[in-house]
Amino acid sequence: MPQLDVAGAVLTYDDDGPRDGADVPLVFVHGWTADRHRWDHQVAHFSPGRRVIRLDLRGHGESTGAGVRTVAELAADVLALLDHLGVGRFVLVGHSMGGMISQTIALSHPERVERMVLVNSIGRMKYSRGRGLLMAASTLAPYKLFIAANIQRAFAPGHPREEVREYIRASAATPREVVMTLYGAMRDFDVLDRAGEIRTPTLMVHGYHDIQLPVRQMLRLAKAYPDAVVRIIDAGHELPVEKPAELTAALDRFLTPNPERNPRPAESPGQGEPEGPAEPAESPAPESTAKPAKSAKPA
């Protein structure tokens, strides 16, 4: 279990797969209260033929360190690890807060990011007034209740209860100071006005039932990107563990250098989309769970 000291934290990471392949490494970045094992299915699929790197962000999983005030500081940790490993150019795959970290890196070091995949992520934390008040009030609840409420609603209806309980237990093991500090960092995150600067080919994969970061917020981001593909999958916010095989298949197609297999760029959403409703009303219809997701045209 390799580790690296970085700016007051000890980062635990995995570095799997061959070093001599033609493809640049894949770098997987997990989200808030999660850990690197969110990507177990994807790592198992890609690592036999490609170098794959994933880490526990500071204060998460098996990494130590206090919370930080900005997403940019987490991005600096990821870059420090990649510099340590001698990785110059890479593909970023980020889930939720990990997608915020990925966009931050793509803006600050565009020459290093070959492609990017944003899973259930957005460019600006924006809620309706009522939802914002509800979110603010939730921070006053006892810590375990706050965690349970957030993780419970991250899964689509019908997900096995015991599995949800296990993720609640794992998330509650993340130190309160780390969780609450990074909650503030995500609330302050905003790159939506700069999204047009990101020329990196990007795949945006989102769960149709995501009420943490609703689909329509992702569509606002997709509209701003010069080169984005959108896929909607019948899942909630925890797409990497709710529908791991479908996510892996979408990644595989996007990363395969074959124009007949790669999806076409998504059309821009309509003008004047409202920001972040509590429910994904008028979002594209979810795709069948019986086969990998197809490209979706934003509404």
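Buried residues make up 56% of the 299 residues in the protein. Buried means under 20% relative accessible area, exposed means over 50%, and partly exposed lies in between (1.4 Å probe, protein chains only). This is a predicted model, in which local features need pLDDT of at least 70, side-chain atom pairs count only at pLDDT 80 or more, and totals for chains, interfaces and linings use all residues. Residues are numbered from 1 along each chain as its sequence is written, and side-chain values use heavy atoms, with hydrogens and water left out.

**The whole chain**

Show the protein as a cartoon. There are 10 helices and 8 strands. Both are DSSP runs, numbered from the N terminus: helices are H or I with at least four residues, strands are E with at least two. Next, contacts, meaning heavy atoms within 4.5 Å. Of the contacts with a separation of 6 or more, 78% are between residues 24 or more positions apart.

**Stop 1: α5 and α6**

Select residues 143-152, helix α5, and residues 161-172, helix α6. Their axes come within 9 Å and cross at roughly 135 degrees. Axes are lines fitted to C-alpha atoms, for helices over the stretch in contact, and angles run from 0 to 180 degrees between N-to-C directions. α5 and α6 are therefore oblique to each other. Angles under 35 degrees count as roughly parallel, over 145 as roughly antiparallel, 65 to 115 as roughly perpendicular, and the rest as oblique. Which residues make the contact? From α5 come Y143, I147, A148, I151 and Q152; from α6 come V164, Y167, I168, S171 and A172. They divide into 8 nonpolar, 2 polar and no charged. Ala, Val, Leu, Ile, Met, Phe, Trp, Tyr, Cys and Pro count as nonpolar, Asp, Glu, Lys and Arg as charged, and the others, Gly among them, as polar.

**Stop 2: α5 and α7**

Y143, F146 and I147 of α5 meet R176, V179, M180 and Y183 of α7. Here the count is 6 nonpolar, no polar and 1 charged.

**Stop 3: A154**

Go to the loop between α5 and α6 and pick A154. A154 is buried, with a relative accessible area of 1%. Leaving aside residues up to four places away in sequence, A154 touches Q212, G236, H237, E238 and E242.

**Stop 4: two positive phi angles**

Most residues other than glycine have a negative phi. Select A7, in the loop between β1 (3-6) and β2 (9-16). Its phi is positive, about 45 degrees. Is A7 buried or exposed? At 69% relative accessibility, A7 counts as exposed. Now jump to S96, between β5 (90-95) and α3 (97-108). Phi of S96 is also positive, near 55 degrees. At 7% relative accessibility, S96 counts as buried.

**Stop 5: F254**

Finish in helix α10, residues 244-255, at F254. F254 counts as buried, at 4% relative accessibility. Then show P201. F254 and P201 are 53 residues apart in sequence and 9.5 Å apart in space, C-alpha to C-alpha.
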